[in-house]
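Hello,

Below is the structure I said I would pass on. My notes on it follow.

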Amino acid sequence: MLFRSLLPEISRWLSNPHPYTVRFGLSMLMRHYLEEDFRPEYLEWAVNVTHKDYYVRMMVAWYLATALVKQYDTALPLLEGDRLDPWTHRRAIQKSLESYRITPEHKIYLRKLRDERFSRSKVRG
C-alpha cells in the first residue's frame with residue numbers, strides 16, 4: 001500500500017467541519033483507494049459523510065460514480081438500498097450514466113434504480 005499513511009488523515013478530513021477539507025478527503029479516497037488498495041469499508045466512509053454542503057454532496061456522488069466504474073459489484077448495493085439521500089442518490093446515478101466507463105448494460109440497470117427510487121419518493125410525499 002503506497003498511500004497507507006493517508007488513511008488516518010483521510011478519516012480525519014472526512015469528519016472536518018470545513019466543506020473543502022471534506023471534499024479533499026473524498027478526492028484522496030477516490031484517487032488512491034478504489035483500485036488495488038480498495039477495501040469495501042472505504043465506500044462506507046464516503047456514504048457516512050453527513051456534511052450538507054452542495055460541493056461535499058456532489059463529491060460523494062462523484063466518488064460513488066467512480067466506485068461503480070472500478071468496483072461495480074461492491075458499490076452497487078449502496079445505490080440499491082436507501083443509504084443515500086435522494087439528491088445524492090440521483091447525482092451518483094446521473095454521473096454514472098454520463099460516464100463512458102460504465103457499460104450500456106449497467107446504465108440500463110442504473111436508470112431502473114433511479115426511476116424506482118424517484119417513484120417511491122413521489123409516493124411517500
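A residue is called buried here when its relative accessible area is under 20%, exposed when it is over 50%, and partly exposed in between. Thr66 comes to 6%, so Thr66 counts as buried. Please keep in mind that this is a predicted model.

Thr66 sits in helix α4. Apart from neighbours within four places in sequence, Thr66 is in contact with Met30, Leu34 and Arg101.

Core

The largest nonpolar core is made up of 38 residues. Within this core, Leu26, Tyr63, Leu64 and Leu110 have the most contacts. Two or more core residues come from each of α1 (6–14), α2, α3 (40–47), α4 (54–70), α5 (72–80), α6 (86–98) and α7 (104–124). Helix α4 is the element that gives the most, with eight residues. For Leu64, the contacts beyond four places in sequence are Leu43, Val47, Leu78, Leu84 and Ala92.

Aromatic pairs

A search of the whole structure gives six aromatic pairs. In one of them, the ring centres of Trp13 and Phe24 are 4.8 Å apart and the planes stand at 65°, so the pair is classed as edge-to-face. This pair joins distant parts of the chain, with Trp13 in helix α1 and Phe24 in helix α2, eleven residues apart. How accessible are the two partners, Trp13 and Phe24? Trp13 is buried, at a relative accessible area of 15%, while Phe24 is partly exposed at 39%.

Tyr54 and Tyr55 also form an edge-to-face pair, with 4.9 Å from centre to centre and 90° between the planes. Tyr54 has a relative accessibility of 45% and so counts as partly exposed. Tyr55 is partly exposed as well, at 42%. Ring pairs connect Tyr20, Tyr54, Tyr55 and Trp87 into a cluster.

Which residues make up the nonpolar patch on the surface? Tyr20, Tyr54 and Tyr55 do, and together they have about 360 Å² of accessible area. Tyr20 belongs to helix α2 (residues 19–32). With a relative accessible area of 51%, Tyr20 counts as exposed.

Salt bridges

Side chains of opposite charge can pair when their charged atoms come close.

- Glu9 and Arg12: their side chains meet at 2.3 Å, N to O. Because the two are three residues apart in helix α1, about one helical turn separates Glu9 from Arg12. Glu9 is partly exposed at 30% relative accessibility, and Arg12 is partly exposed at 48%.
- Asp82 and Arg117: the closest N and O atoms are 3.7 Å apart. This pair links distant parts of the chain, since Asp82 is in the loop between α5 and α6 and Arg117 is in helix α7, 35 residues apart. Asp82 is partly exposed, with a relative accessible area of 49%, whereas Arg117 is buried at 9%.
- Glu116 and Lys112: the closest N and O atoms are 3.9 Å apart. Both residues lie in helix α7, four residues apart, which is about one turn of the helix. Glu116 is partly exposed at 37%, and Lys112 is partly exposed at 46%.

Regards

Conventions:
Residues numbered from 1 in each chain as written. Predicted model: local features only at pLDDT ≥ 70, side-chain atom pairs only at ≥ 80, totals over all residues. Heavy atoms only, no water. Patch = residues over 30% accessible without salt bridge, like charges linked within 9 Å, V, L, I, M, F, W, Y side chains within 5 Å. Areas by Shrake-Rupley, 256 points an atom, 1.4 Å probe, with all protein chains shown as cover. Salt bridge = Lys/Arg side-chain N within 4 Å of Asp/Glu carboxyl O. Buried < 20%, exposed > 50% of the residue type's maximum accessible area, 1.4 Å probe, protein only. Core = buried A, V, L, I, M, F, W, Y, C linked by side-chain atoms within 4.5 Å. Contact = heavy atoms within 4.5 Å. Phe/Tyr/Trp six-rings, centres within 6.5 Å; stacked < 30°, edge-to-face > 60°.
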